[in-house]
Amino acid sequence: MSWSSRHLLVPLSAVLLVLSACGGDDDNKNPVCGNGIVESGEACDDGNRVDNDRCNNSCQVNTPAVDAGSDAGTEVDAGTDAGTEPDAGTIDAGTDAGTETDAGTIDAGTDAGTIDAGTDAGTDAGTIDAGTDAGTDAGTIDAGTDAGTIDAGTDAGTIDAGTDAGTIDAGTDAGTDAGTIDAGTDGGAIDGGPAPDAGTGSDAGTTATLSALEPAAVFARSGTTGETIPEPLAVTLSANATADVVVQVSSSSPSVVVANNGQVTVPAGSRSAAVIVTANDAAGSAKATLTATLGGDSRTATVRVLGATEAASLAYLSPETVSLSSGQTANVTVVLDIPAAAATSIALSTTGNVGSVPATVTVPANEISAKFVFTAGAAGSTGTIVATLNGQSVSAQAKVTAAPTTNHVVISELAPAGPGGANDEFIELYNPTNEDVDLTGWKLQYKSASGPTYNATAFTFASGAKIAAHGFFLVTHTSYQGTVKGDASTGSISMAVNGHIRLGKPGIGNAPTEALAVDTVGFGTADSAEGKSPVSGTIGTNGSIERKANAGSSAATMEGGSDATKGNSQDTDVNGADFIIRTTRDPQNKASALEVP
């Protein structure tokens, strides 16, 4: 016999000896419950009088909580267990012998087996049926693969009752519920872990923001439904919508009601949409502020409600001052204070013989302005342009100047030396035309008196360099010492007392004759001066040569005389006839006063 068998027989022998000594079922003795002897009337005696064990304090057998024959256990019925209730309680089967692994473990002895639902989530229909569970505790969790799911958004996350590592997907599968279910008392909580993410969802169809509600001020006529006048009020996004985008537009006054309960839809592929309104001047304030809102962005505009037949008045003419050369034309605009209720004819006229205009101009219905053409009259005239409506007039000033004798920028004054030495030099340009001229890329070139070509090194005007109509531009040598500041400076041109300066457009070459040459001045003994006639005479240390204002100009009239402020327009393409020699140089720059011929 093995040692283990002998070990088990010893307690049994001792029990038999005790029973034989105590007399067993002796009816002559009063039974004593708790003495360890089963006596008359006792169903059991386990040597104590502890209640609620298998032998209670009356020495009667208790009915176990879970019997091997009827083993009701604890029913775990998750029903629609959506992952919010743990479903893995303990089933205590008392002395339920045998070990069963049935979707969890039922441990014989203390039978504290746990139900591990695997992916127990969703409907968790598994039950423990212990009705006839004899010995082997045949209760089962019948849940197939217990694949109940939690559908929250689009992804059915699962809750595993073992370690509950299932995920709860809300939105687009976010948030992992890593909580655990304590299987000890079937009351374990699901550890919330990170909160479920709401997902990113889908945007409203665009990432564009609200950029404008324009125009800032418009009108709507009472009794009408439609777009505002004279221009449609519209919401505008920062980019084209990738899907329909709804912008909410509210009104501060019941006199202006936005259609579709204030919802303005910008269609996919578009960037803006008109705001449709119904106007009623009797409903409230005549002026309403409309506010467009999209997300955190908002924009405002005002809408004034007009009476059904409210009449317009003249506001002004634009521009307020017109300055032209004789025979030139310009557009002038007449503007009303409100849009016209019907096509409105406005009378036009001029004063001072400044020119001509049409007899009338018509502003169309629901418009606020109309254009007409003014034609300048004789040079030197000054007067007004007049518009009249219902006895009311507005006017603009008009001035007609002489047409320029030269239609291009010219070299107007230069000094090949100065008080500061041979390089105390400057070249001044003048614009006799009525338009600003962009000098970007233009060049100033120098050629000696008898040189075969212009120097390859030249001064090039920087990007954005401009000369105003009737204005000046001054280019100086880096050694220039004059008090009038140059608009540009260069060391690439060093003039001698005899030579040529040429102004040319971008791309000009170095040959003596170039199609892109704009103006050339030859002085001293220059061999390629315009008209083969250089500016002759000696230029003093403090002097310069200057282009005449007109054919009648002289050194006296140009230097402090009647032509001193009339610009430098004379250009007959004969240098000797177009220039005078000054005794005192007078450079002018962009900041100098304009000089009109």
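# A tour by selection: salt bridges, rings, sheet and core

Start with Asp519 and Arg547: both residues are buried. The model you have open is a predicted one. Asp519 and Arg547 form a salt bridge, and their closest N and O atoms are 2.8 Å apart. Now colour the strands. Asp519 sits in strand S34 (residues 517-523) and Arg547 in strand S35 (residues 544-547), so this pair ties together parts that are 28 residues apart in sequence.

With Asp519 and Arg547, they are linked in a network of salt bridges. The structure as a whole holds eight salt bridges.

**Next stop: Glu546 and Arg582**

Select Glu546 and Arg582. Their side chains meet in a salt bridge, at 2.8 Å from N to O. Glu546 lies in strand S35, while Arg582 lies in strand S36 (residues 579-582), so the pair ties together parts 36 residues apart in sequence. Are these two residues buried or exposed? Glu546 has a relative accessible area of 3%, so Glu546 is buried. Arg582 also counts as buried, because its relative accessibility is 7%. The cut-off for buried is under 20% relative accessible area.

**Then Lys566 and Asp563**

Select Lys566 and Asp563. Here too the side chains meet in a salt bridge, with 3.7 Å from N to O. Check the surface around each partner. Lys566 counts as partly exposed, because its relative accessibility is 36%. Asp563 is buried, with a relative accessible area of 5%.

**Rings**

Switch to the aromatic residues. The model has four aromatic pairs. Take Phe459 and Phe461. Their ring centres are 4.9 Å apart and their planes stand at 70 degrees, so the pair is edge-to-face. Phe459 and Phe461 are both buried.

Which arrangement do the rings of Phe461 and Phe473 adopt? Their centres are 5.4 Å apart and their planes are at 65 degrees, so this pair is edge-to-face. It links distant parts of the chain: Phe461 is in the loop between strand S29 (459-460) and strand S30 (466-467), and Phe473 is in strand S31 (residues 472-477), 12 residues apart. Phe473 is buried, as is Phe461. Show the three together: ring pairs link Phe459, Phe461 and Phe473 into a cluster.

One more ring. Centre on Tyr454. Arg502 lies over the face of Tyr454, 3.8 Å from the ring centre.

**An open sheet**

Go back to cartoon. Four strands form an open sheet in the order S16-S18-S22-S20, with antiparallel pairing. Its edge strands are S16 and strand S20 (355-356), each of which pairs on one side only.

Zoom in on S18. S18 is mostly covered, with six of its eight residues buried. Leu317 stands opposite Val334 in S18. Ser318 has Thr333 in S18 as its bridge partner.

Now turn to S22. How many bridges join S18 to S22? Seven bridges do, and the two strands run antiparallel.

**Last stop: the nonpolar core**

Hide everything but the core. In soluble globular proteins, nonpolar side chains tend to be buried together. The largest nonpolar core in this model has 31 residues. Which members touch the most others? They are Leu317, Val334, Leu336, Ile346, Phe372, Phe374 and Ile385. Several strands each supply at least two residues of this core, including S16 (314-318), S17 (321-325), S18 (329-336), S19 (344-350) and S21 (360-363). Also on that list are S22 (369-376), S23 (382-389) and S24 (392-401).

Finish on Ile346. Leaving out residues up to four places away in sequence, Ile346 touches Leu314, Val334, Leu336, Ala359, Thr360, Val361, Val363, Ala387 and Thr388.

Key
Residues numbered from 1 in each chain as written. Predicted model: local features only at pLDDT ≥ 70, side-chain atom pairs only at ≥ 80, totals over all residues. Heavy atoms only, no water. Core = buried A, V, L, I, M, F, W, Y, C linked by side-chain atoms within 4.5 Å. Buried < 20%, exposed > 50% of the residue type's maximum accessible area, 1.4 Å probe, protein only. Contact = heavy atoms within 4.5 Å. Pairing = 2+ DSSP bridges. Phe/Tyr/Trp six-rings, centres within 6.5 Å; stacked < 30°, edge-to-face > 60°. Lys NZ or Arg CZ within 6 Å of the ring centre and 35° of its normal. Salt bridge = Lys/Arg side-chain N within 4 Å of Asp/Glu carboxyl O.
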